[in-house]
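The structure under discussion is given below.

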Amino acid sequence: MDFEAFFKSELDSLHEEGRYRVFADLERHRGNFPRATRYVNGAPKDVTVWCSNDYLGMGQHPDVIEAMKTAVDHCGAGAGGTRNISGTNHYHVLLEQELADLHGKESALIFTSGYISNWATLGTLGQRIPNLIIFSDALNHASMIEGIRYAKCDRVIWKHNDLEDLEAKLAAADPRAPKLIAFESVYSMDGDISPIKEICDLADKYGAMTYLDEVHAVGMYGPRGGGIAEREGLMDRLTIIEGTLGKAFGVMGGYIAASAALCDFIRSFASGFIFTTALPPALAAGALASIRHLKVSQFERARHQDRVRRLRVLLDKSGIPHMPNPSHIVPVMVGDAAKCKWISDIMLDSFDIYVQPINYPTVPRKTERLRITPTPMHSDADLDHLVGSLHQLWSRCALARAVA
């Protein structure tokens, strides 16, 4: 087989469909988010970022930066190994205590990413609990899907956020088999929110554990940033809450919060935890500072929601179609892969606006979109420039306008 020809052919097909992904060469500016410098053939150009998952700009917060610098001065750069072999640092211990407190759980366990925390936890539970059946929402993140596949346990896919379908599938399962319902709070592409209380009710009825992925909600919702479950007073009803340190908290890493026994179980049996180098102490220190700040500060969340509301109003006035949802994610719907990429390219090259196209397989074909994530740092002028640019390009692309 001509492997190089195969690789090239597969890449050519992505180009033809308008789905080839290009990474913008960006340099963020400390203390000046969402501004960044883009490098094109080595030449710098200023741009405004509109698609960052650093939702609250905490990756630029002075408390977070100072905590990371202090940790480097005290501990050096790396963790020194896996958590089992010289890699557990006092910052890790403090961070896990802070996360357990955030979610009202006995314990927490940190991982190198949110992807790994999902994959390792779901995979380990599915492997180690005899006859476990995992009931997975149809739109769960790839990391959850891969963890369940890795587990090789029985799995049942239920229609997205469909309580009737979930109950029908729970009722049809072996009543003697242990069960786990895995779902997310905020779904990152459509921005919709799951009916957590009703899912917990079904879990109680059928004796199932619950696994809630809150990665797009932690820091963003609830009086202390504990997520949708905290906002709705439901954290105590969830068996496992999983989150990330790399989005609203602005740093890097993932975690679970649960009972002491469950966290210890994952710590003791999950290969994705046991055999990987621990987070550098500086990252743990930065996350710790971010969580502590957002537990007491309401400014970032309030300002953020104001920006989201204003953006939606401006889009409506311009007839730019966007998917309605109750969260902070604003999907501007294009519905064509090539046009979606073209709009993204022109906005970057001509309007100095960086927003990545979201195409298949991340979203279904014909639902291609620009996934816009406003932050507290975007000004009124930024919002006007963004929507004005979209307004111009919508006409040039002959795309349909939304009807008010």
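A residue is called exposed when its relative accessible area is over 50%, buried when that area is under 20%, and partly exposed in between. In this predicted model, K366 has a relative accessibility of 66% and therefore counts as exposed. The phi angle of K366 is near 75°, a positive value in a residue other than glycine. K366 is found in the loop between β13 and β14.

The peptide bond that joins Y360 and P361 is cis, with omega about 10°.

P34 belongs to the loop between β1 (26-28) and β2 (35-40).

S86, although not a glycine, likewise has a positive phi, of about 65°. The location of S86 is helix α3, residues 83-87. With a relative accessibility of 57%, S86 lies over the 50% cut-off and so counts as exposed.

Most residues other than glycine have a negative phi, and most peptide bonds are trans. The backbone angles described above are collected here.

| Site | Feature | Angle |
|---|---|---|
| Y360 and P361 | cis peptide bond | omega about 10° |
| S86 | positive phi | phi about 65° |
| K366 | positive phi | phi near 75° |

Note on methods. Residues numbered from 1 in each chain as written. Predicted model: local features only at pLDDT ≥ 70, side-chain atom pairs only at ≥ 80, totals over all residues. Heavy atoms only, no water. Helix = DSSP H or I, 4+ residues; strand = E, 2+ residues; numbered from the N terminus. Buried < 20%, exposed > 50% of the residue type's maximum accessible area, 1.4 Å probe, protein only.
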